[in-house]
Amino acid sequence: IDGIADNVEIMALRAVPNGDEHDKDVANAIRYAVDNGAKVINMSFGKGYSPNKAYVDGAVKYAESKGVLLVHAAGNSSFNVDETNNFPTKNFIKKGQAGNWLEVGASAWGDDDQLAAPFSNYGKAMVDLFAPGVQIYSTAPGNDYKTAQGTSMASPVAAGVAALLLSYYPHLSALDV
């Protein structure tokens, strides 16, 4: 709960209303965070369809041009995201991939073939790493605390490590991290 990067600031943005996130809102949140000094953006949300992906691609490219790392939760459907869509994604509509993107699955308590949590999306090409995502004690609405699981818990762990690295080595680029 205290976090691992105690010398960084957190900018909380709500880009997702109750229900599915809209591509326009995701793109606007990324641009807002970049314009207001974010160096790492955690995105603990996802969906299977992206009707206005070009908006998000533009924002991802903007963040990349400003050296901002985007950390995204891989999803909790046990899908191979090399074969099944999970948006937003590092793959651009018009070819290529974002170099400032880190896709994070949830790890469990096992190792080797049991490293990935049973619910976590996975994929050799699309998922970059797995971070702790099972039985994570964290803050909850209503000024409370609870244990939760999911790639939405794993992604902030990876974002926190990235923030910690950047706080000690500010010359690193998003690609280096």
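**View 1. Met 153 in helix H3 of the predicted model.** Met 153 belongs to helix H3, where helices (H or I, at least four residues) and strands (E, at least two) are DSSP runs numbered from the N terminus. Residues are numbered from 1 along each chain as its sequence is written. The model is predicted, so that local features need pLDDT of at least 70 and side-chain atom pairs count only at pLDDT 80 or more, while totals for chains, interfaces and linings use all residues; side-chain values use heavy atoms, with hydrogens and water left out. With a relative accessibility of 18%, Met 153 counts as buried, a term that means under 20% relative accessible area, whereas exposed means over 50% and partly exposed lies in between (1.4 Å probe, protein chains only). When residues up to four places away in sequence are not counted, Met 153 touches Pro 132, Gly 133, Ile 136, Ser 138 and Ala 148, contact being defined as heavy atoms within 4.5 Å. Asn 42 is 111 residues from Met 153 along the chain, and the C-alpha atoms of these two residues are separated by 10 Å.

View 2. The largest pocket holds about 2,000 Å³ of space. On a 1 Å grid over the protein atoms alone, a pocket is an open set of points with protein on both sides within 12 Å along at least five of seven lines, a cavity is a set of points where a 1.4 Å probe fits but cannot get out, and lining residues have an atom within 4 Å of a point. Grid points are joined across faces, edges and corners, and a volume is the space filled by probe spheres set on the points. The lining of the largest pocket consists of 46 residues, and those nearest its centre are Ile 10, Met 11, Asn 42, Pro 156 and Ala 159. At least two lining residues come from each of H1, E1, strand E5 (136-140) and helix H3 (151-168), and H3 gives the most, with nine residues. Sorted by class, this lining has 27 nonpolar, 13 polar and six charged residues, where Ala, Val, Leu, Ile, Met, Phe, Trp, Tyr, Cys and Pro count as nonpolar, Asp, Glu, Lys and Arg as charged, and the others, Gly among them, as polar.

View 3. Apart from its neighbours within four places in sequence, Leu 70 is in contact with residues including Ile 30, Ile 41, Met 43, Val 60 and Trp 101.

View 4. In the whole structure, a search finds one cavity of 30 Å³ or more, and the largest cavity contains about 30 Å³ of space. Its lining is formed by Glu 21, Asp 23, Val 26, Lys 47, Ser 50, Val 56, Phe 87 and Pro 88, which divide into four nonpolar, one polar and three charged residues. The peptide bond from Phe 87 to Pro 88 is cis, with omega near -5°, and Pro 88 has its place in the loop between E2 and strand E3 (101-107).

View 5. Lys 66 lies in the loop between H2 and strand E2 (69-73), and its relative accessibility of 48% makes it partly exposed. Lys 95 is found in the loop between E2 and E3; this residue is exposed, with a relative accessible area of 75%, and its phi is near 90°, a positive value in a residue other than glycine. Asn 143, in the loop between E5 and strand E6 (144-148), also has a positive phi, of about 55°, although it is not a glycine, and at 76% relative accessibility Asn 143 counts as exposed. Most residues other than glycine have a negative phi, and most peptide bonds are trans.
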